[in-house]
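Here is a structure to read with a few plain questions. Each answer sets a value against a definition.

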Amino acid sequence: MSREKRAYELVALKEIAETLNSTNDMDQMLNDVLAKLLQVTGFTTGWIFMIDNKSENLCVATHNLPQGLAANNQAVMCGEVCWCIESFKQNKLDQAVNIIECSRITYAITNKLGDNEGVTHHATVPLRAGTDQFGLLNVAEAGKDRFTEEELALLQAVAYQIGTAIKRIRLYQVQEQHAIHYAKLGDVIQRINAIQDINHLPLQAVSHIGDTFNWQHVSLFMYEQEQLSLRAHYTDNHVRKEWLSLAIDQGGMVSKAFHENRLVKQSECDSNSCSSLSSIGIPPFSSAVAIPLRIRSRPIGVLFVSSQLGKQFDDYLEDFMYSLGDHFTLSVENLRVYEQRRELARMEERNRMARDLHDSVIQKVFSLSFLAKGAETVLAGKEPVVERSLQEIRQLSQEALKEMRTLIWQLRPAGLEHGLITALKQYGKSMDLTVYEKVEGVRELPRAIEEALWRIGQEALNNVRKHADTNTVYVRLIKTESRACLEVLDRGRGFSQEKRKGKLTMGMLTMRERAETLGGELTITGGKGQPTMVTAVIPIATEMEMWEEE
């Protein structure tokens, strides 16, 4: 090779390299470099095919195509069948070669699509960077039926530069996309953290997630009663609250993510999993990701995102998906702590009101009743009209006293200071229920847990009184170092299966929400004609855990 020829090639490669590094826009880069290549080499026309999985269109760049190849909006260039593409797909094309007969050019000539302007042959060279393959660079020159070895070597060098630029731009685009994802994640976290009511969290969280990332379907599952319960579902910009149960081993990807405590992703649908959740109203999907929701490395549920389109989540990093799930569970924990503190404040306020009512109002009403009785005794038979008025005053005072004691009971049940079971037994007795109690364990319960179990037990006893058709109930309290468990059992007529399928009464929902506010769970077992058991289990934080939370 002559010195002049070598200098020419170096100048050409330098100019092409400058063009390749001038932009991070893929389409602009490919069109600019193709035009520059033809300019510095003197070739007539050229086109670039992208043949990897990330390319939606086959022919991504052309320059100065002859009329026959450009006809009908470059229809000839859009076909996928030709020798160079098939050879590339079969890994048989690893260097620049001459194409003696091009099926695209032949088709344009045969069908008289237009003047080919002397273009009858072309050279083709694969676009690669290391082991990555991207597509083909093709060039042609009017009247030229063969490219020299020097020309093919130059094209080989240019193709390597283009392949390296493609890889660089794609890496840049991936990083840019990841930055966008994390920016959106920050926005979602702020919006979720702004939710103040833990009972509204499931519904609002899936709505925020779906809207922000423009995801088609977002579903929230929580583990309870040895099942996965669908709490909220977002689909096509609409959100609905659910309470549907799914057997722990029948949730496909959701069950796998929960059992294995890891992210499960699917790019393309297979016949076994694409409709595995349709029984609870989640539409069939082609791509999906199931994100485990974890507290202290323990799974408590799954965030499931799906789409009817394939490969919708391939560009999302696993770390990003885990971060989304972990921030959601952190919001749950923060709201639970907030609810606990708010409940403690409410308890303190109720106790203060109960003390004030007992120490001032009740004493004054009692004194009024006592004075009326005394005056009534003094005036006995002397002033009938006044005596009747005093009797009415005494009667109204006693009724007010009774109502006030009932109100104090509701604010701070008498006997709770002597133990939860004692208070529940007294409450049951007030409703003519016979309560058989049993206590296991001797540790003292935190006030928030004792108060929650009291309210849950109170509602359970109310349900026995109203619906069970029995006046006998069995209450058991189990206290361990790590949890408190309250069981309320009756052998009445039971309840319908419909309530077991998620259609719970407001009282049942309230009991469940009280338990979950403290990180616990509530189960209700039974059925028509079967014993009914309400079980509330609430974890007790150790001193070390409470210190870590602070």
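Buried means under 20% relative accessible area, exposed over 50%, and partly exposed in between (1.4 Å probe, protein chains only). The model is predicted: local features need pLDDT of at least 70, side-chain atom pairs count only at pLDDT 80 or more, and totals for chains, interfaces and linings use all residues. Residues are numbered from 1 along each chain as its sequence is written, and side-chain values use heavy atoms, leaving out hydrogens and water.

Q: Why is Asn138 called buried?
A: Its relative accessibility is 0%. Buried means under 20%, so Asn138 counts as buried.

Q: What makes the link between the side chains of Asn138 and Thr124 a polar contact?
A: The distance is 2.7 Å. The definition asks for a pair of N or O atoms within 3.5 Å; within protein, one must be able to donate a hydrogen and the other to accept it, and residues adjacent in sequence count only if both atoms are side-chain atoms.

Q: Why is Asp236 called partly exposed?
A: Its relative accessible area is 43%. That falls between the 20% and 50% cut-offs, so Asp236 is partly exposed.

Q: Why does Asn261 count as partly exposed?
A: The value for Asn261 is 22% relative accessibility. Buried would need under 20%, so Asn261 counts as partly exposed.
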